[in-house]
Amino acid sequence: MIRRLKNYLTGPKGVPYLFVAPFIIFFLLVYLYPLIMTIIMSFQQIDGPNHHDFIGLKNYMKLNTRDFNMALQTSGRYAVWDVIVLTIIPLLVACVLHSGLAKASNFFKSLFFIPSLTSIIVAGIVFRLAFGTLETATVNRALTFFGLQPVKWLSYAGPGNFVLILLTLWRWNGVNIVYYLSGLQAIPTDHYEAAQIDGANAWQKFIHVTLPGIRPVLIYVITITVLGGFSMFTESVALWQQNNAGGVGRTIVGYMYMVGFKKNNLGLASAVGLVLLGLVVAVNLIQLVLMGFFRKED
Amino acid sequence: MATNRIDGKKRTVLSVLATLLMILFAVFAMIPFAFMFMSSLKPGTEMMRYGLTLKFDPGISSFQNYTALDTYRDGVYWHWYKSSAIIMVLQTVIGLAFSSLVGYGLAMYNFRGRNLIFTLVLIVMMLPFEILLLPMYQMMIRAKMMNSYFGVIIPYLVPPFMIFFFRQYSLGIPKELMEAGRIDGCSDFGIFRRIMLPIMIPAFGAMTILSCMNSWNNLLWPMIILQTEKMHTIPIGMGTTITPYGNAYDVLMPGAVMAVVPIIIIYLFAQKTFIKGLTAGSVKG
């Protein structure tokens, strides 16, 4: 029996399953089981590991609070700007690098990636101090030097979001540039030549050759940015720590962390998690349909 | 695009503008490092009074602060460093080993259920991982893996984005190589180890850096698992113990610089392989 199993697994039919076995086990234990548990827990009141009581939709009802609404707004606002800024700016930089117009493109390529190597918490220290509330903070000093009013950057949602996006752009720009470059390099040059013969200008070439050419990469970048935007946590800890006055900067995951691990309400935290899951899946599905991901390749 | 027939003068102007734009982004990328390093040389009181500056004052600037890292809370910073390094190495080695096998298997073999498994990889990549942490936390308590390094790396043993990447990369490997190996009498794992691994080195280079980045930066899950201060990693320590909100200004900036330096050094040595590997296994549909 054992010998037959061994023969099967080392034979041509069984071997592929041995290769993918790590993922199958991992999927069941680390994704499927916890996902099912989160769904169950979101309908439960949990006091200690052995006290699970079903309470129906009560956890979801309890989410209608000012704090959670603020967290939704913070994450939502961040996600929107995140997608806009981190889709467009790296694409611009990648196109310039790919065009070979700028000098020392390879040097810049390597250099732009360096911020991505840092930990957001560590790099965030610099952003946190530079955008401090005091008038002596670096950015405010620059503002007053140019005759502008100093800003209490991290005290309000709007300016706070601006600093978050700046930190995110600084940290992730290089990663997205590399993704885009890989897409740009895959576009055959004769497509550009054909457009050239048809008399297309630079902008028309970008719209009709470059964009369709990098569509798979574009879809990938937008999808992971939507995911990262809604589930952002570390960036906000870097700027505000976990307990900030009035909840400015607290995200959905930050709220989940506070409810689940600080206040020990795992049921309510699971409900928060499922709201997050619903948001990410819904927004990404809409986005994928709009980008034509499910359309048959022509 | 060398095929563009823009006349010489216009091209020169464009070239200057493009280079200027790149310099602007380069300054943006580098300036936080400059602030970090210059401030690390100054006493903490100086920074509390004047904030971050790029000024170099030979009277008060020195590497004195770096020695404060050894004495701050009995050198707890270096414990964080050790934790971060151990977790980074474990997570990267195990993650690369498993996900390269899976990615290669998905690309090179035709078997029933292959598309289903690959679809699961894609779905899992698009799931916000954070929502799984609550049940996982309970699992870790039951498995008595709280406050252990192994508990931290469990959710990253077979990272789906790495499977995806290794699959894409393996798709570019000619299948004839496999047949050749078979004729020479290699087993399937022998083919993987002796023939395919050397071909996949650029992919391993790229994934090593990405994995190190992710691990070195990870905050939420390690913060849940690692409960004693000595077990903490650098992001936990710098995010909760030495923070810009605390009063440990002397160690704040040297701590930040020391956290950034090693991974940049690794990158500078490996960057050619890295960029090549990452762009070669590109995201194609």
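Reader: Into which domains is chain A divided?

Author: Domain bounds here come from an automatic or database domain assignment. Chain A is divided into domain 1, residues 2-59, and domain 2, residues 63-290. This is a predicted model, in which local features need pLDDT of at least 70 and side-chain atom pairs count only at pLDDT 80 or more, while totals for chains, interfaces and linings use all residues. Residues are numbered from 1 along each chain as its sequence is written, and chains are lettered from A and ligands numbered from 1 in the order in which they are written.

Reader: What is the mean pLDDT of chain A?

Author: The term pLDDT stands for the predictor's confidence in each residue, from 0 to 100. Chain A has a mean of 89, with 97% of its residues at 70 or more. Within chain A, confidence is lowest in helix α1 (residues 2-10), at a mean of 76, and highest in helix α4 (residues 66-99), at 95. For chain B the mean is 87, and 94% of its residues reach 70 or more. The model as a whole scores ipTM 0.88 and pTM 0.90.

Reader: Where are the domains of chain B?

Author: Domain 1 of chain B covers 8-62, and domain 2 of chain B covers 68-280. Between their centres, over C-alpha atoms, lie 31 Å. Eight residues of domain 1 of chain B are in contact with six residues of domain 2 of chain B. On the domain 1 side, α1(B) gives the most, with four residues. By class, that side of domain 1 of chain B holds five nonpolar, three polar and no charged residues.

Reader: At what angle do α2(A) and α14(A) cross?

Author: Axes are lines fitted to C-alpha atoms, for helices over the stretch in contact, and angles run from 0 to 180 degrees between N-to-C directions. The axes of α2(A) and helix α14 (residues 266-290) of chain A come within 8 Å and cross at roughly 115°. That makes α2(A) roughly perpendicular to α14(A). Angles under 35 degrees count as roughly parallel, over 145 as roughly antiparallel, 65 to 115 as roughly perpendicular and the rest as oblique. In α2(A), A:Thr38, A:Ile39 and A:Met41 meet residues of α14(A), among them A:Leu266 and A:Gly273.

Reader: How far apart are the axes of α8(A) and α11(A)?

Author: Helix α8 (residues 157-185) and helix α11 (residues 215-230) of chain A have axes 8 Å apart and pack at an angle of about 160°. That makes α8(A) roughly antiparallel to α11(A). Residues in this contact include A:Tyr179 of α8(A) and A:Pro216 of α11(A).

Reader: How many residues does each chain bring to the contact of chain A with chain B?

Author: Chain A brings 85 residues and chain B 73 residues. The largest share of the chain A side, 16 residues, comes from helix α2 (residues 15-41) of chain A. By class, the chain A side has 59 nonpolar, 22 polar and four charged residues.

Note on methods: Contact = placed C-beta atoms within 7 Å. Helix = DSSP H or I, 4+ residues; strand = E, 2+ residues; numbered from the N terminus. Nonpolar A, V, L, I, M, F, W, Y, C, P; charged D, E, K, R; others polar.
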